[in-house]
Every structure is written in structure tokens, then in C-alpha cells.
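Hi everyone, thanks for coming. Have a look at this one with me, and I'll talk you through a few spots.

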Amino acid sequence: MLRKKDAILLLISYATMALGIFLPQLAKPLWHAPSIFVMVLLLLSFLGIDMRGLLRHTLKAPLATAAVLLVKTVLMPLLVYALFHVFWPGYELAGLLVAGASTAVLASFFANLFGADIFVAAAVVILSSLVLPFTLPPLVATLAGQTMQVGLAPMVRMLAVMIFVPALLGRICARWLPRTTERLLRCSYPLSLFAVGITNVGVFSRYSGFFLEQPGLALEAMAAGGVMVAGLMVLFGVACRRLPPALRATSLVCLLFPNYILILAFSCAFFGPVEATFAATYSVPFFLQLLFLRNIAGLD
């Protein structure tokens, strides 16, 4: 179930994490690159979206789309924060950030894999991205505001720039530069790998000293992410079992695959190595859940 391209993405992710940690001086010029290259990833995702067709199909299932969006952007991050606060203190903010992230671009592919509604999944990807600047920063400020040294406005501003600029550029390119759009879409996979690699190098070179002094942090963060994925799979698998198969599959795909790369860049700008490491190492449970989701969720 794990595609060759996904395995390559995992390999690139961990190789570039190691490069940033062990060769920090070489990677120092890339310290400010993560935000830019996350915007490149988002631009590539917006290029391939037919907004009119997406809106038309979304209006056919407005309640389902709104319900999934509410759970994804508000209820799930609150639940994850509470559970980590009780059972694994120290990771509640990291869990909140990843759980509250917009749905990953890959959700559209996974929707097809599990027999979900591709158009609703794509709608949640776009809508959760567009509302993220107005949902995640207030949650973070409300729940962890006393422990942060940054205000609400800078977080909203950064996410708004990172999301709305590529969204606007994507629509401009698709409308006025069709040939350029086609070329970019044909090269989207290697460009995405390059963007992920540069993002990881830029983030982990910043925290090289911290990781070399505490090498167990990456393994602990990966374990915390694995526990979070496993718990959410079981919880939502049971909660959604009575839904029609297509709606059940759509809900699970939209809820269980967050845009952790976006949160990696966001964490690097505003938070510390724990949050950045949690987001980066989330790539492992992110893909491994594909091996178990069908059975756990009762998807045929």
C-alpha cells in the first residue's frame, strides 16, 4: 500500500534531516528557506485544482463538508491537546499544531485509494488551508498563550501569507499561463521532493546542537506521533463506523492526513525543537497508517 514515490519521500525526508543536523554550517544559508519552499509546495497543489468544478461538487454535499471541516480544524486539535496534556505532557502543543493543520494535499490520492469522495476530500484540502490562519493561531494562543513569547497577530500573518499568496499565484498561473502550469505540474513530484528536502535541511540545521546533545528526542517525537496516529485511527474508525462507506472513507482521509510540512515551517518560525521535530518525524506514522487504516476503519 506504500507507493514507491511515498517511500522515496520518506527517504529524502530523513536524509535531509540528518544533513541539517550533522552539517549545520553547510546548511546555514537555508535557515530562512522553509517558509518559501512550503509555499512552493502549496503553489503546486493549487495549480491542479479546478475551482469551479470543486465548488459545484462541494455544494452538492455542504453539510458533510462543513462537518468534516469543523472536526478537522477545531474539535480534533482540542481533543489531541487534552489527551497529550494528560498522558504525555510536553507534546500537547506539538500535537495541537499537527492535529490542527490543514488536510494534506495527498488526501485526494488517498481518497481514491479508499473509495472516498474525491471532490469532498479536495474541497476539505482547500477550505482547511484557507481557514487555517484564522483557526490554528487562536487555538494555540488560547491553550498555550501563557507559555509563548509570540503574539497572535504574527502567527496569523505568517500563515495567511504562506497560504493565500500561493493560492493567488496558482489561480493566476492556471488562468493566464497555461503552458507554464502544465510544465510545473509535469515536474511537480521532483519539485516537491526538492522543496521538502530544503525545508528539512533549513529547519534541522538550526537545532543541530540540540539534537546532537539529545539524540533520543527524534525517536521520542516519532513515538509520540505514532501514538497519536494510532489513537485517532481507532477513535475515528469507531466513531465513523455507522456512516455510509463513502462518507466514512472521506471523513477518515480528511481527518487523519494533516499537512505536517506546513506545520514544520510554522513551528520553526514560532516554536522550538520539540514542535519542529514532532512535525518532521510525523512523516513516518503519516504513511504507515496506510497499512492499517482499511482494516481498522472497516473500509472494504
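Let's start with Val 165, which sits in helix α9, residues 152-176. A helix here is a DSSP run of H or I with at least four residues, a strand is a run of E with at least two, and they're numbered from the N terminus. Before I go on: this is a predicted model, where local features need pLDDT of at least 70, side-chain atom pairs count only at pLDDT 80 or more, and totals for chains, interfaces and linings use all residues. Residues are numbered from 1 along each chain as its sequence is written, and side-chain values use heavy atoms, with hydrogens and water left out.

Buried means under 20% relative accessible area, exposed means over 50%, and partly exposed is in between, using a 1.4 Å probe and protein chains only.

Val 165 also belongs to a nonpolar surface patch, together with Val 161, Leu 168, Leu 169, Ile 172, Trp 176 and Leu 177. Together they have about 650 Å² of accessible area, by the Shrake-Rupley method with a 1.4 Å probe, where only the protein chains shown count as cover for residues. Nonpolar side chains (Val, Leu, Ile, Met, Phe, Trp, Tyr) are joined within 5 Å, like charges within 9 Å.

Over to Phe 134, in helix α8, residues 118-144. Phe 134 is exposed, at 51% relative accessible area.

Next, helix α1, residues 4-22. Which of its residues are buried? Asp 6, Leu 9, Leu 10, Ser 13, Thr 16, Met 17, Gly 20 and Ile 21. They cover an arc of only 140 degrees around the axis, so they're on the same side of α1; that arc is taken from the directions from the helix axis to the C-beta atoms. The face turned away from that side carries exposed Lys 4, Leu 11 and Phe 22.

Compare α14, residues 245-256. Nine of its twelve residues are buried, among them Arg 248 and Cys 254.

Finally, the whole protein: 18 helices and zero strands. Of its 300 residues, 51% count as buried.

How values were computed
The expected span of a helix is 1.5 Å times one less than its number of residues. Patches are made of residues with over 30% relative accessible area and no salt bridge: like charges are joined within 9 Å, nonpolar side chains (Val, Leu, Ile, Met, Phe, Trp, Tyr) within 5 Å. A salt bridge is a side-chain nitrogen of Lys or Arg within 4 Å of a carboxyl oxygen of Asp or Glu.
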